[in-house]
Amino acid sequence: MTKVPFVDFQLQHQPIQAQLQQAIQAVVQQGDFILGKAVAEFEAAFARACGVEYGIGVASGTGAIALGLQACGIGATDEVILPANTFVATLIGVIQSGATPILVDCDPNTALIDLEAARQAITGKTKAIVTVHLYGQMVSPSELLALADAHDLLIFEDAAQAHLAQREGYVAGSIGKAAAFSFYPSKNLGAFGNGGIVLTKDATVTEKLRSLRNYGAPKKYLHTYVGTNSRLDSIQAAVLNVKLPYLAQWNQSRNSAARQYDTLLEPLQSQGIFPLENQSNIGHIYHLYVIRVSAACPLDRQTIQEQLAALGIQTGIHYPIPCHLQPAYQYLGYQTGDFPNAETLSQEILSLPMYPGLSQAQISYVVDSLRRIGVRY
Ligand SMILES: *Cc1c(COP(=O)(O)O)cnc(C)c1O
């Protein structure tokens, strides 16, 4: 029996069920299913929440990356730097923009992009750096901005795991030229299906995006760009409008759950188990709570995962195979050994249950279970 699920949607949706149903019903009554009133409302509200001028709703986070880069003028002949340990959708987005992806390694303590590795990967063709706010934490915005300024690079944020994350006073999505968010149901702000948004301060990028997502048409039946069909549905936007006001408190709940994990897990460090580093305090919104089962641990990760499952605790691995070792991307020419930190992390990371409302008792049960299966302290 599941005692601690990996995520719990019921817990999140039950208290706001009536509001959600009402909002969906309103879209059905208005009949404006595509780019309707709810979409415009959500675009404005989410952009405002992140302190950015414009929001352009799209069909997914992947679409937001691909179209966002294109709208920023990135395309064929350009190189785009991104971390090798990201979710594969970041890479797909870069490839779909037409640019050449250049993978770089990550910092082993945070799993965020290694900015020194990024600096070394810059060539005359490098146009942009895609920073991924992995697991809900940003790499230092001041260091990222300094690197981008020094080499005249555009910053594009993959903020799919970082809705309202903060660091050094910057809110995720407000650092770069543009940023992509996903509203896949399990993200910190999740729809009842697929959805995404691009945020930008640039009116020209906004205009182009509004065309690109809608068959490349700035107005009906005039097609200025090749474009595609990638729009946020009104029903999804209606759901997101209801949920957005709760996002900050949900993020806070995740952060305090993480603090409890940190405290209870502390004694396990001597057994080779430790969480990834939080360099952002309350600005880390813990899309995932990730520990490392290092080589020093007497038990291997798979055993730990199986034994936890037997005790009713669901865990995950995000992600077990880094992008450069995925079969589809062998053509990029990377090999095992190219990104040692990403490779080691892929063998050691384990995501523990994490969602708003995860109780103190559940967190204790997870950590106690680790001890029961033989990770002693
Ligand atoms: C979820 C995710 C995406 C893709 O979003 P979709 O909405 O599933 O297309 C991209 N990048 C990261 C880091 C993600 O976690």
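A residue counts as partly exposed when its relative accessible area lies between the buried class, under 20%, and the exposed class, over 50%. Glycine 337 has a relative accessible area of 44% and is therefore partly exposed. The structure described here is a predicted model. This briefing covers its pockets and cavities, a nonpolar surface patch, and several residues of the backbone.

**The largest pocket**

- The largest pocket holds about 410 Å³ of space, and 27 residues line it.
- The elements that contribute two or more residues to this lining are helix 4 (61-71) and helix 5 (88-96).
- Helix 4 makes the greatest contribution to the lining of the largest pocket, with 3 residues.
- Nearest the centre of the pocket lie Phe87, Ser182, Tyr184, Lys187 and Tyr319.
- By class, the pocket lining consists of 12 nonpolar, 12 polar and 3 charged residues.

**Tyrosine 319 and its peptide bond**

- Tyrosine 319, one of the residues nearest the centre of the largest pocket, belongs to the loop between helix 11 and helix 12.
- The peptide bond that leads from histidine 318 to tyrosine 319 is cis, and its omega is near 15 degrees.

**Cavities**

- The structure contains 4 cavities of 30 Å³ or more.
- The volume of the largest cavity is about 100 Å³.
- Its lining is formed by 13 residues, with Leu276, Glu277, His284, Tyr286 and Val290 nearest the centre.
- The lining of the largest cavity comprises 8 nonpolar, 3 polar and 2 charged residues.

**The loop between strand 10 and strand 11**

- Tyrosine 286, one of the residues nearest the centre of the largest cavity, is located in the loop between strand 10 and strand 11.
- Phi of tyrosine 286 is near 45 degrees, which is a positive value in a residue other than glycine.
- Tyrosine 286 counts as buried because its relative accessibility is 4%, and the buried class covers values under 20%.
- Asparagine 281 also lies in the loop between strand 10 (273-275) and strand 11 (289-293).
- A positive phi, near 50 degrees, is likewise found at asparagine 281, a residue other than glycine.
- Asparagine 281 has a relative accessibility of 53% and so counts as exposed, the exposed class being over 50%.

**The nonpolar surface patch**

- Val28, Phe33, Ile34 and Leu35 make up a nonpolar surface patch of about 320 Å².
- Phenylalanine 33, one of the patch residues, is situated in the loop between helix 2 (17-30) and helix 3 (37-50).
- With a relative accessible area of 39%, phenylalanine 33 is partly exposed.

- Alanine 40 is part of helix 3 and is partly exposed, at a relative accessible area of 45%.
- Although alanine 40 and serine 234 are 194 residues apart along the chain, 8.9 Å separates their C-alpha atoms.
- Glycine 337 is placed in the loop between helix 11 (301-310) and helix 12 (340-348).

Methods: Residues are numbered from 1 along each chain as its sequence is written. This is a predicted model: local features need pLDDT of at least 70, side-chain atom pairs count only at pLDDT 80 or more; totals for chains, interfaces and linings use all residues. Side-chain values use heavy atoms; hydrogens and water are left out. Patches are made of residues with over 30% relative accessible area and no salt bridge: like charges are joined within 9 Å, nonpolar side chains (Val, Leu, Ile, Met, Phe, Trp, Tyr) within 5 Å. Accessible areas come from the Shrake-Rupley method with a 1.4 Å probe; for residues, only the protein chains shown count as cover. A salt bridge is a side-chain nitrogen of Lys or Arg within 4 Å of a carboxyl oxygen of Asp or Glu. Helices (H or I, at least four residues) and strands (E, at least two) are DSSP runs, numbered from the N terminus. Buried means under 20% relative accessible area, exposed over 50%, partly exposed in between (1.4 Å probe, protein chains only). On a 1 Å grid over the protein atoms alone, a cavity is a set of points where a 1.4 Å probe fits but cannot get out, and a pocket is an open set with protein on both sides within 12 Å along at least five of seven lines; lining residues have an atom within 4 Å of a point. Grid points are joined across faces, edges and corners, and a volume is the space filled by probe spheres set on the points. Ala, Val, Leu, Ile, Met, Phe, Trp, Tyr, Cys and Pro count as nonpolar, Asp, Glu, Lys and Arg as charged, and the others, Gly among them, as polar.
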